[in-house]
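Me: I am new to this structure and want to know what stands behind the words used for it. Please show it, and then let us go through the terms one by one.

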Amino acid sequence: MVAPLPVAEGPVLVIAPHMDDEALGCGLLLAKHPRKDRLHLLFVTDGSHSPEHADGASASSRRELAGIREREARDAADVFGIPQANLRFLGIEDGTLAAQPERLSAALADGLRSIGAEQVMIPFRYDRHPDHLAIARAVTRARADETVTATVFEYFVYTHWRLLPGGDVRACLPAGELRMREPDPEIAALKRRALECHRSQTTCYYEWQTRPVLTRELLDRACSGPELYLLQDPARPGRRVLARARHWIPIAHGLEPRLKRWKDRLTGWQGR
């Protein structure tokens, strides 16, 4: 049986690789937390490569999109009731975190020190996007060397995998390591409103798009079910935490993004 996610008395830090990951993975937590002044959001990238046409974008277009996505994140935080002073934007170029681990580690360490969080939420260790993985690895390393002393939970953005039997990667984790935030209609509606603030992701924002980055099907799924969080145990790194498909998940995890990139090239644009 999956236990409820405990409500922290101290500060809670959600580390979001991109603007919208905070709502996708932790929207119920953000919507339902009784002390909004203790919630902090750290956005790591500038979000400037989503959406992006397969032919690329100019530097000015990327700067414009980065500004749009920051405004969308601020609007979503208002929906959740999180003070604007509790938002921090590092502005590292979207898609580049894996290539600059030292800069990422230093920036995250600075953010963690300044907030002094009791709980830290990071992307799942087998999430599909390289920016998500870079953050998960950086925080996990910081915890190993005791730079991070907070309780760390891993949240899920990419839960459904085409190459995984049963589809949902969360089903491969031991229930005893998971924590749950249950939805109710009012809180789920608040999460949906916050996600819809990210119009660059939830609509066909550019005329060349054939579909949004976040489809209606994905939004429906994200807002209708519970949120699960993996309690990070340093004694169970990597695949050791998996209850089943321990050998297949790392393989599928490597293949899924490649298949998506091929699909995006065929359709003429690059989604996340």
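Reply: A salt bridge is a side-chain nitrogen of Lys or Arg within 4 Å of a carboxyl oxygen of Asp or Glu. Keep in mind that the model is predicted.

Me: Why is the meeting of Arg170 and Asp168 called a salt bridge?

Reply: The N to O distance between the side chains of Arg170 and Asp168 is 2.8 Å. The cut-off is 4 Å, so the pair counts as a salt bridge.

Me: What makes Arg170 and Asp168 count as buried or exposed?

Reply: Buried means under 20% relative accessible area. Arg170 has 18% and Asp168 has 17%, so both residues are buried.

Me: How many salt bridges does a search of the whole structure find?

Reply: The search finds 13 salt bridges. One of them joins the side chains of Arg62 and Asp46, at 3.6 Å from N to O. This distance is within 4 Å, so the name applies here too.

Me: What does the pair of Arg62 and Asp46 tie together?

Reply: Arg62 belongs to helix 2 (residues 59–80), while Asp46 sits in the loop between strand 3 (39–45) and strand 4 (52–53), so the pair ties together parts that are 16 residues apart in sequence. Arg62, with a relative accessible area of 17%, is buried, and Asp46, at 13%, is buried as well. Asp46 and Arg62 are also linked with Glu93 in a network of salt bridges.

Me: How do you know that the length of helix 2 agrees with its number of residues?

Reply: At 1.5 Å a residue, the 22 residues of helix 2 should span 32 Å. The C-alpha atoms at its ends are 32 Å apart, so the two values agree.

Me: Which residues of helix 2 are buried, and what covers them?

Reply: The buried residues include Arg62, Leu65, Ile68, Glu72, Val79 and Phe80. Among the elements that cover the buried residues of helix 2 are helix 1 (21–32), strand 5 (87–92) and helix 6 (199–202). Just after helix 2, Gly81 has a positive phi of about 85°.

Me: Why is the pair of Arg192 and Asp220 called a salt bridge?

Reply: The side chains of Arg192 and Asp220 meet at 2.8 Å, N to O, which is within 4 Å, so the pair is a salt bridge. The pair links distant parts of the chain, with Arg192 in helix 5 (residues 185–196) and Asp220 in helix 7 (residues 216–224), 28 residues apart. Arg192 is at 16% relative accessible area and therefore buried. Asp220 is at 37%, between the cut-offs of 20% and 50%, so Asp220 is called partly exposed.

Me: Where do helix 5 and helix 7 meet, and how do their axes cross?

Reply: Ala188, Lys191, Arg192 and Leu195 in helix 5 meet Arg216, Leu219, Asp220, Ala222 and Cys223 in helix 7. By class, this contact has 5 nonpolar, no polar and 4 charged residues. The two axes come within 9 Å and cross at roughly 145°, and the crossing is right-handed.

Me: What makes Val14 count as buried?

Reply: Val14 has 1% relative accessibility, which is under 20%, so Val14 counts as buried. Val14 lies in strand 2 (residues 12–16).

Technical notes: Residues are numbered from 1 along each chain as its sequence is written. This is a predicted model: local features need pLDDT of at least 70, side-chain atom pairs count only at pLDDT 80 or more; totals for chains, interfaces and linings use all residues. Side-chain values use heavy atoms; hydrogens and water are left out. Helices (H or I, at least four residues) and strands (E, at least two) are DSSP runs, numbered from the N terminus. Buried means under 20% relative accessible area, exposed over 50%, partly exposed in between (1.4 Å probe, protein chains only). Axes are lines fitted to C-alpha atoms, for helices over the stretch in contact, and angles run from 0 to 180 degrees between N-to-C directions. A crossing is left-handed if the near helix is turned anticlockwise from the far one by less than a right angle, and right-handed if clockwise. Contact means heavy atoms within 4.5 Å. Ala, Val, Leu, Ile, Met, Phe, Trp, Tyr, Cys and Pro count as nonpolar, Asp, Glu, Lys and Arg as charged, and the others, Gly among them, as polar. The expected span of a helix is 1.5 Å times one less than its number of residues.
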